[in-house]
Amino acid sequence: SLEQLGHRCLSWLQLAPGEPFTVLPVLSGIYVVLALAAFGVSCAAHLISLRLRVSVTKQLQSDVLTHLLAMDLRFFHREKSGELISRLTNDAANTALGLGPLIMGWLHHGLQFAVYSVYLVGTSLWLTAGVLGVVAAHFALTQGLKRPIRRYARQTYDAQADVSTALQEAF
């Protein structure tokens with residue numbers, strides 16, 4: 001139970017549960033240290049994701065531009081210039097934009113998952129089995145929604161490209 005978990009943690013720290021004036025400052029200090037560690041991990045993840053987003057955007061735009069410059073002139077007569085510009089700028093930036101939260105999620109939530117899993121298994125095996133059932137249901141729901149969301153995102157990007165094409169050709 002959770003009460004046993006509390007006593008177990010206090011025994012690891014070699015603290016007596018009946019002495020609040022020693023338990024409270026030690027636990028507060030541990031909380032502050034863990035909060036600072038979480039802040040450091042969050043900042044590091046943000047900086048890594050920002051650097052990754054900028055480098056991926058630059059690399060995608062460079063690769064697409066290199067490919068476009070190697071295309072035959074007939075390709076440019078068939079395609080609208082606004083759509084090409086939109087694909088070069090918006091699609092590369094939107095693709096790279098999704099990588100930042102993904103990396104931050106892996107770092108931040110992976111650490112949380114590891115810590116909470118230890119507590120969960122130490123608390124109750126039945127509770128652990130229930131949580132695993134909820135995780136399985138969440139995974140199934142996510143997989144079911146993936147295709148419609150991807151189709152909607154593609155339609156959104158195509159609409160942005162059409163607007164950019166119309167504006168580019170109008171001006």
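Buried means under 20% relative accessible area, and exposed means over 50%, with partly exposed in between. The views below all come from a predicted model.

View 1. Of the 171 residues of the protein, 15% count as buried. The C-alpha trace spans about 80 × 35 × 25 Å along its principal axes. Among contacts with a separation of 6 or more, 71% are accounted for by residues 24 or more positions apart.

**View 2. The surface and the charges of the protein.** The accessible surface comes to about 13100 Å². Carbon and sulfur atoms hold 70% of that surface. The protein carries 13 positive and 10 negative charges.

**View 3. Helix α5, residues 99-123.** This helix has 25 residues. From its first C-alpha to its last, α5 reaches 35 Å, which is close to the 36 Å expected at 1.5 Å a residue. The buried residues of α5 are Gly100, Ile103, Gly105, Leu120 and Thr123.

**View 4. Val121 in helix α5.** Val121 has a relative accessible area of 47%, so Val121 is partly exposed. Its C-alpha atom and that of Leu27 are separated by 22 Å. Along the chain, Val121 and Leu27 are 94 residues apart.

**View 5. Thr57 in helix α2.** Helix α2 covers residues 20-69. Thr57 counts as buried because its relative accessibility is 15%, and the cut-off for buried is under 20%. With its neighbours within four places in sequence left aside, Thr57 is in contact with Ala92, Ala93 and Ala96.

**View 6. Gln14 in the loop between α1 and α2.** Helix α1 covers residues 2-12, and Gln14 lies in the loop between this helix and α2. Most residues other than glycine have a negative phi. Gln14 is not a glycine, yet Gln14 has a positive phi of about 55°. The relative accessibility of Gln14 is 72%, so Gln14 counts as exposed.

Terms used: Residues are numbered from 1 along each chain as its sequence is written. This is a predicted model: local features need pLDDT of at least 70, side-chain atom pairs count only at pLDDT 80 or more; totals for chains, interfaces and linings use all residues. Side-chain values use heavy atoms; hydrogens and water are left out. Buried means under 20% relative accessible area, exposed over 50%, partly exposed in between (1.4 Å probe, protein chains only). Contact means heavy atoms within 4.5 Å. Accessible areas come from the Shrake-Rupley method with a 1.4 Å probe; for residues, only the protein chains shown count as cover. Lys and Arg count as positive and Asp and Glu as negative; His and the chain ends are not counted. The place of a charge is taken as NZ of Lys, CZ of Arg, CG of Asp or CD of Glu. Helices (H or I, at least four residues) and strands (E, at least two) are DSSP runs, numbered from the N terminus. The expected span of a helix is 1.5 Å times one less than its number of residues.
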